[in-house]
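Me: I am new to this structure. Please show me how to read a few of its features.

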Amino acid sequence: MAATDQVLGSEDSRGSLLYNPVVRGVFFQILVFGGLCAFLYWIVHNTQENLARAGRNVSFDFLYQRAGFDVGQSLIQYSSDSTQLDALIVGLLNTLLVAAAGIVTATIIGFVVGIGRLSRNWLIRKFCQVYVETFRNIPPLLVIFFWYLGVLAILPGPRDSFKLPFGSLLSNRGLFVPKPVWEEGSWLVGVAFLIAIAMGFFVARKASARQAATGQRFPVFWTNVALIVGLPLLALAAAGFPLSFSIPKLGAFQATGGLAIGPEFLALYLALSLYTASFIAEIVRAGILGVSKGQTEAAYALGLRPGATTRLVIVPQAMRIIVPPLTSQYLNLTKNSSLAIAVGYADLVSIGGTILNKSGESIQIVAIWMVVYLSISLATSLFMNWFNSRVALVER
Amino acid sequence: MKTTVKVMLGAAALGLAVPTASAATLDDVKAKGVLRCAVNTGLAGFAAPNDKGEFAGFDVDYCKAVAAAIFNDPSKVEYTPTTAKDRFEVLANGTVDMVARNTTWTLSRDTTLGFNFAGINYYDGQGFMINAKKLQGINSALQLSGASVCVQTGTTTELNLADYFKSNNLDYSPVVFEKIEEVNAAYDSGRCDVYTTDQSGLYSIRLGLTAPDDHVVLPEIISKEPLGPLVRHGDDQWFDIVKWTHNALIIAEEFGITQANVEEMKNSDNPEIKRVLGMEENSKFGTDLGLGEDWVVNIIKAVGNYGEIFERNIGSGSPLKIARGVNGLWTKGGLQYAPPIR
């Protein structure tokens, strides 16, 4: 109290601790930090107490018990004798599969449609606009139902499957495509492929060094295409074509042989791709429009041709606008993949739910869900941030 | 990492908002003035909204019977429609007081999940249904190798299915949904060749298909599915109330006490009937349970005896027309048997 009186009385209040901005800053930070700690402590303590009161024991041992249920689609060897942990891994891989496939497709469609919206052709422009406005304004769940119940479910039954090229079959049981069966000696093809990629990088580096030094250019793109396609083909021939295809055949119930892509995966994959693509299209359009017209004019004035202008001037500048919001869309797509449960696709949430119900270990399963989705999202963010720093405008 | 997990656990637990089992469920129910009962989201005959939008069915009548025993008013029930997956969580976290949702009694549900089954109100078994019009020539489950099978997740059915096909060396691809409505729609649209669940459920589901007559239930029964109402561990009094409500329904059928004649039966000279209906001098069976002496009278007045509940909802008085079979009274060659009220 005495100190305060003194402060009020004195002309210069800067000497007082109470009005010192540094001290006040530290004080409030300590206050907030302490509050946060107390809050976290309260949550953890409360949880432990409640769990103890409910007689629940939090342990992850149940993951090593026999699963006992089968899963429709699995990328790894799995049977009902596998552990529940294996089942969760199957679910995680299925989530990653649909997310990765969806991200690639959504990006391609999104870029095409986004550029299409800026086309000089009225028909293309309007078509792209209708696409964006339709898919952007429908909840993703309904898009999934549309594909699952509206398109795939009304396909003919397995015995009257549509016959597609290369012996593929399409029915309400999904798409059955020929499956490559690699026989002995096919490792050579894989090795050739890896060598081709390594050589591709080498060629690109050499070519750009040569262009910087002498101004002479080298057809890098076509050389690399020839390398990546040609070298494995050569290897295949050298090994005596150790490759055959398993062609799907109509069976008593559904097609046997070949690679089965279930309608659940197809519905989810198509819906997520088309839905997210509509957002990506708008991001791409905004990115391109965000580059000022003066840049194009300046490039033309320097004598660059339109193709080089787009490639060297417009796109690099558009990318730095496009990439950060693109990251959010990738994260959205990954998280929306948990809507799989509506169509019975065996993703992480769906399989986790089955285990939760069987074992009753809800808290652990919910924790696993959260940690896994958080990890996937953070990994995606990290990669996209790295990519963003590559494409970001370098100021000199 | 460890702290992250702990924080998540905390957040998850906050979400649960645990108002856990206080010891005296009966007091809670009386204080709230309503019994909270988890039922199926929609399984015709067992629990489904009727044309007035009220829940009705075999399991629903069990909720009503318990409400009648406590309040003498079968309408004092708050129904929580649950999927196979979340029925246990709502009971464990105290959102409901009991579950009557065609639930199979198993050891792990008794122990790991921490529930008590109050009896077996329906002896069921898992079966298979196929579209006989599309799949002609199939009359046994052993011919189903390579089929895709629709099944609801979180059920014993899903696990029996895996065991049955494995032990018979048959291939199949499971098509798994969370909600019974989704399974029905997928089967009806031809996504699967086979629908598997408890046989009672198959008969009920067949009624709702586009062309019920095209579908047949195969003869194999691959499991025991004793269905019954269940409560949480930790409150024996409440467990007793639900258990003896079920027993009273069976005992009433044994003695021929029906919804129509229960008042008349109160004047019976038969000492056993008098005791059951609380007419014995200085009787305290009801009060020992925590209920009134006329608890059985109230139950029967509200929903009738076990036989009446059965026939009205799933038996001859219903579109399902399920025969009593093993669910008949022990005196008539069935398995329904109740310990005496004494």
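Predicted model: local features only at pLDDT ≥ 70, side-chain atom pairs only at ≥ 80, totals over all residues.

Me: Which residues of α5(A) are buried?

Reply: Helices (H or I, at least four residues) and strands (E, at least two) are DSSP runs, numbered from the N terminus. A residue is buried if 20 or more other C-beta atoms, placed from the backbone, lie within 10 Å of its own. In α5(A) these are Pro140(A), Val143(A), Ile144(A), Trp147(A), Tyr148(A) and Leu152(A).

Me: How many residues of strand β11 of chain B are buried?

Reply: Five of its five residues, 194-198, are buried.

Me: Which bridges does β11(B) make with β8 of chain B?

Reply: Two strands pair if DSSP finds at least two bridges between them. β8 (residues 126-131) pairs with β11(B) in the antiparallel sense over five bridges; Phe128(B) has Thr196(B) as its bridge partner. With β9(B), the pairing of β11(B) is parallel, over two bridges, and Cys150(B) is partnered by Tyr195(B).

Me: How many residues of chain B are in contact with chain A?

Reply: Contact requires C-beta atoms, placed from the backbone, within 7 Å. By that rule, 41 residues of chain B are in contact with 40 residues of chain A. α1(B) gives the most to this side of chain B, with 10 residues.

How values were computed. Residues numbered from 1 in each chain as written. Chains lettered and ligands numbered in written order. Buried ≥ 20, exposed ≤ 12 C-beta atoms within 10 Å, placed from the backbone. Contact = placed C-beta atoms within 7 Å.
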